[in-house]
Amino acid sequence: MPTFDDIADQLATQAIELPSWAFGNSGTRFKVFGTPGTPRTPQEKIADAAQVNRYTGLAPTVAIHIPWDKVDDYAALREFAAEQGVALGTVNSNTFQDDDYKFGALTHADDAIRRKAIAHHLECIDIMDATGSRDLKIWLAEGSNYPGQADMRGRQDRLQDSLQEIYARIGDKQRLVLEYKFFEPSFYHTDVPDWGTSYAQVSALGERAMVCLDTGHHAPGTNIEFIVMQLLRLGKLGSFDFNSRFYADDDLIVGAADPFQLFRILVEVIRGGGYGPDSPVAFMLDQCHNVEDKTAGQIRSVLNVQEMTARALLLDREALAQAQAANDVLAANAIFMDAFSTDVRPQLAQWRESRGLPADPMRAFLDSGYQETIAAERVGGQQAGWGA
Ligand code: AOS
Ligand code: ZN
Ligand code: ZN
(Lines give C-alpha, C1' and ligand atoms only; values in the text may rest on other atoms or scores of the structure.)
(Ligands and ions follow the chains in the order given, each with its own letter.)
Protein backbone atom coordinates (compact mmCIF):
# COMPACT_ATOMS: atom_id res chain seq x y z
CA MET A 1 0.00 0.00 0.00
CA PRO A 2 1.38 3.48 -0.78
CA THR A 3 2.32 5.57 2.27
CA PHE A 4 0.77 8.91 3.10
CA ASP A 5 4.01 10.61 2.00
CA ASP A 6 3.58 9.02 -1.43
CA ILE A 7 0.26 10.76 -1.93
CA ALA A 8 0.96 14.06 -0.14
CA ASP A 9 1.71 16.04 -3.29
CA GLN A 10 -1.38 14.74 -5.05
CA LEU A 11 -3.55 15.99 -2.22
CA ALA A 12 -2.11 19.46 -2.66
CA THR A 13 -3.78 19.86 -6.06
CA GLN A 14 -7.32 19.26 -4.82
CA ALA A 15 -9.84 21.99 -5.59
CA ILE A 16 -13.55 21.81 -4.75
CA GLU A 17 -15.97 24.46 -5.98
CA LEU A 18 -18.58 25.73 -3.54
CA PRO A 19 -22.13 26.63 -4.61
CA SER A 20 -23.16 30.16 -3.63
CA TRP A 21 -26.65 28.85 -2.85
CA ALA A 22 -25.33 26.61 -0.08
CA PHE A 23 -24.82 29.77 1.99
CA GLY A 24 -28.43 30.93 1.62
CA ASN A 25 -31.37 29.70 3.66
CA SER A 26 -32.94 26.58 2.23
CA GLY A 27 -35.42 23.93 3.21
CA THR A 28 -38.09 21.67 1.89
CA ARG A 29 -41.51 22.53 0.53
CA PHE A 30 -42.69 22.39 4.14
CA LYS A 31 -40.47 25.03 5.73
CA VAL A 32 -37.41 27.15 5.14
CA PHE A 33 -35.67 27.83 8.44
CA GLY A 34 -33.62 30.99 8.80
CA THR A 35 -30.08 30.67 10.13
CA PRO A 36 -28.51 33.65 11.93
CA GLY A 37 -25.81 35.24 9.78
CA THR A 38 -27.24 34.14 6.45
CA PRO A 39 -25.85 36.26 3.57
CA ARG A 40 -28.07 39.00 2.16
CA THR A 41 -26.12 39.57 -1.04
CA PRO A 42 -23.96 37.64 -3.52
CA GLN A 43 -20.96 39.41 -2.01
CA GLU A 44 -21.75 38.07 1.46
CA LYS A 45 -22.12 34.54 0.06
CA ILE A 46 -18.69 34.88 -1.56
CA ALA A 47 -17.20 36.21 1.68
CA ASP A 48 -18.49 33.14 3.53
CA ALA A 49 -17.20 30.81 0.84
CA ALA A 50 -13.79 32.48 1.15
CA GLN A 51 -13.77 31.45 4.82
CA VAL A 52 -14.03 27.82 3.79
CA ASN A 53 -11.00 28.21 1.56
CA ARG A 54 -9.10 30.15 4.19
CA TYR A 55 -9.30 27.35 6.75
CA THR A 56 -9.09 24.34 4.43
CA GLY A 57 -7.15 25.50 1.34
CA LEU A 58 -9.56 23.31 -0.61
CA ALA A 59 -12.14 25.66 -2.09
CA PRO A 60 -10.61 28.29 -4.37
CA THR A 61 -13.73 28.94 -6.48
CA VAL A 62 -17.42 29.73 -5.97
CA ALA A 63 -20.17 28.77 -8.41
CA ILE A 64 -22.80 31.41 -9.01
CA HIS A 65 -26.40 31.11 -10.04
CA ILE A 66 -28.35 33.42 -12.31
CA PRO A 67 -30.65 35.09 -11.31
CA TRP A 68 -30.03 34.35 -7.62
CA ASP A 69 -26.63 36.06 -7.83
CA LYS A 70 -27.60 38.75 -10.30
CA VAL A 71 -25.58 41.97 -9.94
CA ASP A 72 -25.14 45.06 -12.11
CA ASP A 73 -21.41 44.69 -12.52
CA TYR A 74 -19.95 41.19 -12.86
CA ALA A 75 -16.41 42.44 -13.40
CA ALA A 76 -16.70 44.14 -10.01
CA LEU A 77 -18.02 40.90 -8.48
CA ARG A 78 -15.02 39.09 -9.93
CA GLU A 79 -12.76 41.74 -8.37
CA PHE A 80 -14.54 41.41 -5.03
CA ALA A 81 -14.03 37.62 -5.07
CA ALA A 82 -10.34 38.06 -5.84
CA GLU A 83 -9.99 40.43 -2.88
CA GLN A 84 -11.50 37.69 -0.71
CA GLY A 85 -8.95 35.21 -2.05
CA VAL A 86 -11.27 33.19 -4.28
CA ALA A 87 -12.39 33.21 -7.93
CA LEU A 88 -15.81 32.91 -9.50
CA GLY A 89 -16.47 29.49 -11.01
CA THR A 90 -19.31 27.80 -12.83
CA VAL A 91 -22.31 29.86 -13.88
CA ASN A 92 -25.60 28.01 -13.28
CA SER A 93 -28.60 28.92 -15.39
CA ASN A 94 -32.18 28.82 -14.11
CA THR A 95 -35.23 27.99 -16.19
CA PHE A 96 -37.31 26.63 -13.37
CA GLN A 97 -38.78 29.63 -11.57
CA ASP A 98 -40.68 31.44 -14.29
CA ASP A 99 -44.36 30.92 -15.09
CA ASP A 100 -43.51 30.83 -18.78
CA TYR A 101 -41.60 27.59 -18.20
CA LYS A 102 -44.50 25.64 -16.73
CA PHE A 103 -44.48 23.27 -19.72
CA GLY A 104 -40.82 23.48 -20.62
CA ALA A 105 -38.05 25.92 -21.49
CA LEU A 106 -35.39 24.62 -23.87
CA THR A 107 -37.87 21.94 -24.94
CA HIS A 108 -40.99 24.12 -25.14
CA ALA A 109 -43.25 23.67 -28.16
CA ASP A 110 -43.90 27.44 -28.27
CA ASP A 111 -40.96 28.99 -30.06
CA ALA A 112 -41.26 32.31 -28.25
CA ILE A 113 -40.76 30.63 -24.87
CA ARG A 114 -37.95 28.46 -26.17
CA ARG A 115 -36.23 31.59 -27.51
CA LYS A 116 -36.58 33.26 -24.11
CA ALA A 117 -34.90 30.28 -22.46
CA ILE A 118 -32.09 30.28 -25.03
CA ALA A 119 -31.61 34.03 -24.49
CA HIS A 120 -31.24 33.44 -20.75
CA HIS A 121 -28.39 31.01 -21.43
CA LEU A 122 -26.72 33.46 -23.81
CA GLU A 123 -26.91 36.05 -21.04
CA CYS A 124 -25.25 33.52 -18.71
CA ILE A 125 -22.40 33.18 -21.22
CA ASP A 126 -22.01 36.98 -21.31
CA ILE A 127 -21.72 36.82 -17.53
CA MET A 128 -19.10 34.06 -17.82
CA ASP A 129 -17.09 36.34 -20.09
CA ALA A 130 -17.14 39.05 -17.42
CA THR A 131 -16.50 36.75 -14.44
CA GLY A 132 -13.81 34.68 -16.18
CA SER A 133 -15.79 31.51 -15.58
CA ARG A 134 -15.06 28.41 -17.60
CA ASP A 135 -18.26 26.39 -17.26
CA LEU A 136 -21.92 26.95 -17.98
CA LYS A 137 -23.92 24.38 -16.05
CA ILE A 138 -27.39 23.56 -17.28
CA TRP A 139 -29.86 21.65 -15.18
CA LEU A 140 -33.37 21.44 -16.64
CA ALA A 141 -36.51 20.96 -14.59
CA GLU A 142 -38.41 19.96 -17.71
CA GLY A 143 -40.61 16.96 -18.25
CA SER A 144 -44.21 15.83 -17.78
CA ASN A 145 -46.37 14.37 -15.04
CA TYR A 146 -48.78 12.11 -16.93
CA PRO A 147 -48.44 9.56 -19.73
CA GLY A 148 -49.63 11.16 -22.94
CA GLN A 149 -49.12 14.70 -21.65
CA ALA A 150 -46.07 15.45 -23.79
CA ASP A 151 -44.44 14.40 -27.04
CA MET A 152 -41.21 13.14 -25.52
CA ARG A 153 -39.54 12.70 -28.92
CA GLY A 154 -40.37 16.23 -30.10
CA ARG A 155 -39.05 17.65 -26.86
CA GLN A 156 -35.77 15.78 -27.26
CA ASP A 157 -35.34 17.23 -30.77
CA ARG A 158 -36.11 20.77 -29.60
CA LEU A 159 -33.68 20.35 -26.71
CA GLN A 160 -30.92 19.53 -29.17
CA ASP A 161 -31.78 22.56 -31.33
CA SER A 162 -31.71 24.83 -28.27
CA LEU A 163 -28.43 23.41 -27.00
CA GLN A 164 -26.87 23.86 -30.46
CA GLU A 165 -27.66 27.57 -30.33
CA ILE A 166 -26.25 27.91 -26.83
CA TYR A 167 -23.16 25.87 -27.62
CA ALA A 168 -22.45 28.01 -30.69
CA ARG A 169 -21.92 30.95 -28.35
CA ILE A 170 -19.61 29.07 -25.91
CA GLY A 171 -16.06 30.48 -26.12
CA ASP A 172 -12.92 28.53 -27.02
CA LYS A 173 -11.90 28.21 -23.39
CA GLN A 174 -15.40 27.68 -22.05
CA ARG A 175 -17.50 24.54 -21.64
CA LEU A 176 -21.14 23.57 -21.40
CA VAL A 177 -22.00 20.89 -18.85
CA LEU A 178 -25.43 19.25 -18.93
CA GLU A 179 -26.71 17.78 -15.69
CA TYR A 180 -29.18 14.90 -15.58
CA LYS A 181 -31.73 13.96 -12.94
CA PHE A 182 -34.13 11.04 -13.03
CA PHE A 183 -37.16 12.80 -11.56
CA GLU A 184 -38.37 15.93 -9.78
CA PRO A 185 -39.97 18.34 -10.32
CA SER A 186 -41.50 16.23 -13.10
CA PHE A 187 -42.67 12.82 -11.98
CA TYR A 188 -43.54 10.87 -15.11
CA HIS A 189 -40.81 11.79 -17.55
CA THR A 190 -37.83 14.13 -17.34
CA ASP A 191 -36.19 15.43 -20.53
CA VAL A 192 -32.63 14.75 -19.31
CA PRO A 193 -33.18 11.89 -16.87
CA ASP A 194 -29.94 9.93 -17.11
CA TRP A 195 -26.29 9.99 -18.12
CA GLY A 196 -27.09 8.34 -21.45
CA THR A 197 -29.42 11.15 -22.49
CA SER A 198 -27.00 13.82 -21.34
CA TYR A 199 -24.20 12.01 -23.16
CA ALA A 200 -26.24 11.76 -26.37
CA GLN A 201 -27.19 15.44 -26.20
CA VAL A 202 -23.69 16.78 -25.46
CA SER A 203 -21.91 14.41 -27.85
CA ALA A 204 -23.93 15.90 -30.69
CA LEU A 205 -22.69 19.37 -29.72
CA GLY A 206 -18.92 19.00 -29.65
CA GLU A 207 -15.92 18.42 -27.48
CA ARG A 208 -16.49 21.35 -25.13
CA ALA A 209 -19.84 19.94 -24.09
CA MET A 210 -19.71 17.46 -21.23
CA VAL A 211 -21.89 15.66 -18.71
CA CYS A 212 -22.39 16.83 -15.11
CA LEU A 213 -22.99 14.03 -12.62
CA ASP A 214 -24.89 15.00 -9.47
CA THR A 215 -24.50 12.15 -7.00
CA GLY A 216 -28.07 12.63 -5.73
CA HIS A 217 -29.72 12.25 -9.12
CA HIS A 218 -30.03 8.49 -9.49
CA ALA A 219 -32.49 5.83 -8.50
CA PRO A 220 -31.66 4.17 -5.17
CA GLY A 221 -29.17 1.36 -5.60
CA THR A 222 -27.65 2.74 -8.82
CA ASN A 223 -23.97 1.90 -9.19
CA ILE A 224 -22.79 5.50 -9.60
CA GLU A 225 -19.12 4.59 -9.80
CA PHE A 226 -19.88 2.54 -12.88
CA ILE A 227 -21.31 5.65 -14.55
CA VAL A 228 -18.22 7.59 -13.47
CA MET A 229 -16.02 4.94 -15.05
CA GLN A 230 -18.01 4.93 -18.28
CA LEU A 231 -18.13 8.71 -18.69
CA LEU A 232 -14.39 8.97 -18.05
CA ARG A 233 -13.80 6.19 -20.53
CA LEU A 234 -15.81 8.15 -23.08
CA GLY A 235 -14.02 11.41 -22.23
CA LYS A 236 -17.27 13.12 -21.29
CA LEU A 237 -17.26 13.53 -17.52
CA GLY A 238 -17.12 17.31 -17.12
CA SER A 239 -18.08 17.82 -13.52
CA PHE A 240 -19.51 16.49 -10.31
CA ASP A 241 -22.21 17.96 -8.13
CA PHE A 242 -21.29 16.23 -4.88
CA ASN A 243 -23.78 15.72 -2.08
CA SER A 244 -25.22 12.75 -0.24
CA ARG A 245 -28.66 11.35 0.25
CA PHE A 246 -30.71 8.75 2.00
CA TYR A 247 -33.73 8.85 -0.32
CA ALA A 248 -33.80 11.12 -3.37
CA ASP A 249 -32.17 14.48 -4.12
CA ASP A 250 -31.58 15.18 -0.41
CA ASP A 251 -28.59 17.51 -1.04
CA LEU A 252 -27.03 16.56 2.31
CA ILE A 253 -23.37 16.94 3.20
CA VAL A 254 -21.23 14.85 0.85
CA GLY A 255 -19.89 11.73 2.51
CA ALA A 256 -22.44 11.96 5.33
CA ALA A 257 -24.99 9.40 4.21
CA ASP A 258 -22.67 6.90 2.54
CA PRO A 259 -18.91 7.49 2.91
CA PHE A 260 -18.18 4.17 1.23
CA GLN A 261 -20.01 5.25 -1.92
CA LEU A 262 -17.96 8.45 -2.00
CA PHE A 263 -14.80 6.35 -1.67
CA ARG A 264 -15.88 4.04 -4.51
CA ILE A 265 -16.62 7.01 -6.76
CA LEU A 266 -13.24 8.59 -6.02
CA VAL A 267 -11.44 5.31 -6.73
CA GLU A 268 -12.95 5.33 -10.24
CA VAL A 269 -12.24 9.05 -10.69
CA ILE A 270 -8.55 8.45 -9.97
CA ARG A 271 -8.48 5.24 -12.02
CA GLY A 272 -9.94 7.08 -15.02
CA GLY A 273 -7.63 10.13 -14.90
CA GLY A 274 -10.32 12.39 -13.46
CA TYR A 275 -8.20 13.67 -10.57
CA GLY A 276 -5.41 16.23 -10.66
CA PRO A 277 -4.66 19.66 -12.09
CA ASP A 278 -4.75 18.52 -15.73
CA SER A 279 -8.01 16.63 -15.40
CA PRO A 280 -11.13 17.97 -17.12
CA VAL A 281 -13.30 16.93 -14.20
CA ALA A 282 -14.49 19.77 -11.97
CA PHE A 283 -15.32 18.86 -8.38
CA MET A 284 -18.27 20.91 -7.16
CA LEU A 285 -20.63 20.68 -4.25
CA ASP A 286 -24.38 21.00 -4.74
CA GLN A 287 -25.82 21.05 -1.26
CA CYS A 288 -28.34 22.74 0.97
CA HIS A 289 -27.86 23.23 4.70
CA ASN A 290 -31.41 23.27 5.99
CA VAL A 291 -30.79 22.91 9.72
CA GLU A 292 -27.03 23.21 10.28
CA ASP A 293 -24.77 26.27 10.06
CA LYS A 294 -23.87 26.83 6.43
CA THR A 295 -20.21 27.84 6.41
CA ALA A 296 -19.34 25.11 8.91
CA GLY A 297 -21.42 22.69 6.82
CA GLN A 298 -19.37 23.55 3.75
CA ILE A 299 -16.13 23.07 5.72
CA ARG A 300 -17.32 19.61 6.82
CA SER A 301 -18.15 18.81 3.19
CA VAL A 302 -14.80 19.67 1.64
CA LEU A 303 -12.98 17.88 4.46
CA ASN A 304 -15.06 14.77 3.79
CA VAL A 305 -14.08 14.86 0.11
CA GLN A 306 -10.43 15.37 1.04
CA GLU A 307 -10.46 12.51 3.52
CA MET A 308 -12.04 10.09 1.07
CA THR A 309 -9.69 11.24 -1.71
CA ALA A 310 -6.71 10.45 0.51
CA ARG A 311 -8.07 6.98 1.20
CA ALA A 312 -8.74 6.39 -2.50
CA LEU A 313 -5.20 7.54 -3.38
CA LEU A 314 -3.87 5.03 -0.84
CA LEU A 315 -5.43 2.11 -2.68
CA ASP A 316 -2.71 -0.38 -3.62
CA ARG A 317 -3.54 -0.54 -7.30
CA GLU A 318 -0.69 -2.84 -8.20
CA ALA A 319 -1.70 -5.44 -5.65
CA LEU A 320 -5.32 -5.00 -6.69
CA ALA A 321 -4.48 -5.58 -10.35
CA GLN A 322 -2.62 -8.76 -9.43
CA ALA A 323 -5.48 -10.06 -7.33
CA GLN A 324 -7.94 -9.23 -10.10
CA ALA A 325 -5.80 -10.98 -12.69
CA ALA A 326 -5.64 -14.05 -10.49
CA ASN A 327 -9.41 -13.90 -9.95
CA ASP A 328 -8.68 -13.84 -6.25
CA VAL A 329 -12.02 -12.40 -5.26
CA LEU A 330 -11.45 -12.16 -1.53
CA ALA A 331 -7.90 -10.77 -1.81
CA ALA A 332 -9.06 -8.08 -4.27
CA ASN A 333 -11.90 -7.09 -2.00
CA ALA A 334 -9.61 -7.05 1.04
CA ILE A 335 -7.15 -4.72 -0.72
CA PHE A 336 -10.01 -2.41 -1.65
CA MET A 337 -11.38 -2.40 1.91
CA ASP A 338 -7.92 -1.85 3.44
CA ALA A 339 -7.70 1.51 1.70
CA PHE A 340 -11.26 2.45 2.67
CA SER A 341 -10.65 1.48 6.29
CA THR A 342 -7.47 3.54 6.71
CA ASP A 343 -7.86 6.39 9.18
CA VAL A 344 -6.05 9.26 7.47
CA ARG A 345 -7.18 11.97 9.88
CA PRO A 346 -3.97 12.25 11.99
CA GLN A 347 -1.80 12.38 8.87
CA LEU A 348 -4.07 14.90 7.20
CA ALA A 349 -3.80 17.11 10.28
CA GLN A 350 0.00 17.02 10.08
CA TRP A 351 -0.10 17.54 6.33
CA ARG A 352 -2.20 20.68 6.78
CA GLU A 353 0.13 22.11 9.40
CA SER A 354 3.11 21.51 7.16
CA ARG A 355 1.36 23.68 4.58
CA GLY A 356 0.46 26.54 6.88
CA LEU A 357 -3.15 25.47 7.38
CA PRO A 358 -4.85 24.73 10.69
CA ALA A 359 -4.59 21.05 11.66
CA ASP A 360 -8.30 21.13 12.51
CA PRO A 361 -9.96 23.58 10.08
CA MET A 362 -13.39 23.19 11.67
CA ARG A 363 -12.09 24.04 15.15
CA ALA A 364 -10.10 26.99 13.78
CA PHE A 365 -13.17 28.37 12.00
CA LEU A 366 -15.39 27.93 15.06
CA ASP A 367 -12.77 29.62 17.26
CA SER A 368 -12.39 32.53 14.85
CA GLY A 369 -15.68 34.09 15.92
CA TYR A 370 -16.72 34.65 12.28
CA GLN A 371 -20.08 32.94 12.71
CA GLU A 372 -20.94 35.08 15.76
CA THR A 373 -19.89 38.24 13.94
CA ILE A 374 -22.05 37.62 10.87
CA ALA A 375 -24.95 36.49 13.06
CA ALA A 376 -24.80 39.86 14.85
CA GLU A 377 -24.23 41.97 11.75
CA ARG A 378 -26.52 40.46 9.17
CA VAL A 379 -30.24 40.74 9.59
CA GLY A 380 -32.74 39.28 7.11
CA GLY A 381 -30.57 36.77 5.23
CA GLN A 382 -31.50 35.60 1.76
CA GLN A 383 -33.17 32.38 0.81
CA ALA A 384 -31.00 30.25 -1.42
CA GLY A 385 -33.77 30.08 -3.99
CA TRP A 386 -35.02 26.61 -3.12
CA GLY A 387 -38.05 25.71 -1.09
CA ALA A 388 -40.02 28.87 -1.61
C1 AOS B 1 -31.19 20.30 -9.15
O2 AOS B 1 -31.73 19.33 -8.62
C3 AOS B 1 -29.80 20.29 -9.50
O4 AOS B 1 -29.10 19.49 -8.61
C5 AOS B 1 -29.02 21.56 -9.79
O6 AOS B 1 -27.68 21.22 -9.99
C7 AOS B 1 -28.86 22.60 -8.79
O8 AOS B 1 -29.30 22.31 -7.54
C9 AOS B 1 -29.27 23.87 -9.38
O10 AOS B 1 -28.71 24.03 -10.64
C11 AOS B 1 -28.94 25.09 -8.60
O12 AOS B 1 -29.33 26.03 -9.45
ZN1 ZN C 1 -26.96 19.45 -9.01
ZN1 ZN D 1 -30.19 18.19 -7.44
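Trainee: Which strands form the closed barrel, and in what order do they run?
Mentor: This is a predicted model. In it, eight strands make a closed barrel in the order β1-β2-β3-β4-β6-β8-β9-β10, and the pairing is parallel. From one strand to the next, the twist averages 30°.

Trainee: How many bridges link β4 and β6?
Mentor: There are five bridges between strand β4, residues 135–139, and strand β6, residues 175–179, and these two pair in the parallel sense.

Trainee: Which residues surround ligand 1?
Mentor: Trp139 and Glu179 are both in the list. The rest of the surroundings of ligand 1 consist of Trp21, His65, Asn92, Asn94, Lys181, Asp214, Asp241, Asp249 and Asp286.

Trainee: And how does that shell divide into nonpolar, polar and charged residues?
Mentor: The shell around ligand 1 has six charged residues, three polar ones and two nonpolar ones.

Trainee: Back to β6, please. Which helix lies across β6 and β8?
Mentor: That is helix α6, residues 195–203. The helix runs at about 165° to β8, which spans 209–214.

Trainee: What is found in the loop between β6 and β7?
Mentor: Proline 185 has its place there, β7 being residues 189–190. Glutamate 184 is in that loop as well. The peptide bond from glutamate 184 to proline 185 is cis, with omega near 10°. Glutamate 184 also has a positive phi, about 80°, although it is not a glycine.

Trainee: Where does proline 67 sit, and which residue is joined to it by a cis peptide bond?
Mentor: Proline 67 belongs to the loop between β2, 61–65, and α3, 74–84. Isoleucine 66 is its partner in the cis bond, where omega is about 20°.

Trainee: Let us turn to helix packing. At what angle do α3 and α4 pack?
Mentor: The angle between α3 and helix α4, residues 111–131, is about 45°, and their axes are 8 Å apart. The two helices are therefore oblique to each other. Their crossing is right-handed.

Trainee: Which residues meet there?
Mentor: From α3 come Tyr74, Ala75, Leu77 and Arg78, and from α4 come Ile127, Ala130 and Thr131. By class, this contact of α3 with α4 has five nonpolar residues, one polar and one charged.

Trainee: Now α2. How do its axis and that of α9 cross?
Mentor: The axes of α2 and helix α9, residues 294–313, cross at roughly 40° and come within 9 Å. The helices α2 and α9 are therefore oblique to each other. The crossing in which α2 passes α9 is right-handed.

Trainee: What are the residues of α2 and α9 that meet?
Mentor: On the α2 side they are Asp48, Gln51, Val52, Tyr55 and Thr56. On the α9 side they are Lys294, Thr295, Gln298, Ile299, Val302 and Leu303. The contact of α2 with α9 divides into five nonpolar, four polar and two charged residues.

Trainee: At what angle do α2 and α13 pack?
Mentor: Helix α2, residues 42–56, packs against helix α13, residues 361–368, at about 125°, and the axes are 9 Å apart.

Trainee: Which residues of α2 meet α13?
Mentor: Gln51, Tyr55 and Thr56 do, and in α13 they meet Pro361, Ala364 and Phe365. This contact of α2 with α13 has four nonpolar residues, two polar and no charged ones. Gln51, Tyr55 and Thr56 are also among the α2 residues that meet α9.

Notes: Residues numbered from 1 in each chain as written. Chains lettered and ligands numbered in written order. Predicted model: local features only at pLDDT ≥ 70, side-chain atom pairs only at ≥ 80, totals over all residues. Pairing = 2+ DSSP bridges. Helix = DSSP H or I, 4+ residues; strand = E, 2+ residues; numbered from the N terminus. Axes fitted to C-alpha atoms, helices over the stretch in contact; angles between N-to-C directions. Contact = placed C-beta atoms within 7 Å. Near = placed C-beta within 6 Å. Nonpolar A, V, L, I, M, F, W, Y, C, P; charged D, E, K, R; others polar. Parallel < 35°, antiparallel > 145°, perpendicular 65-115°, else oblique. Left-handed = near helix turned anticlockwise from the far one by under 90°.
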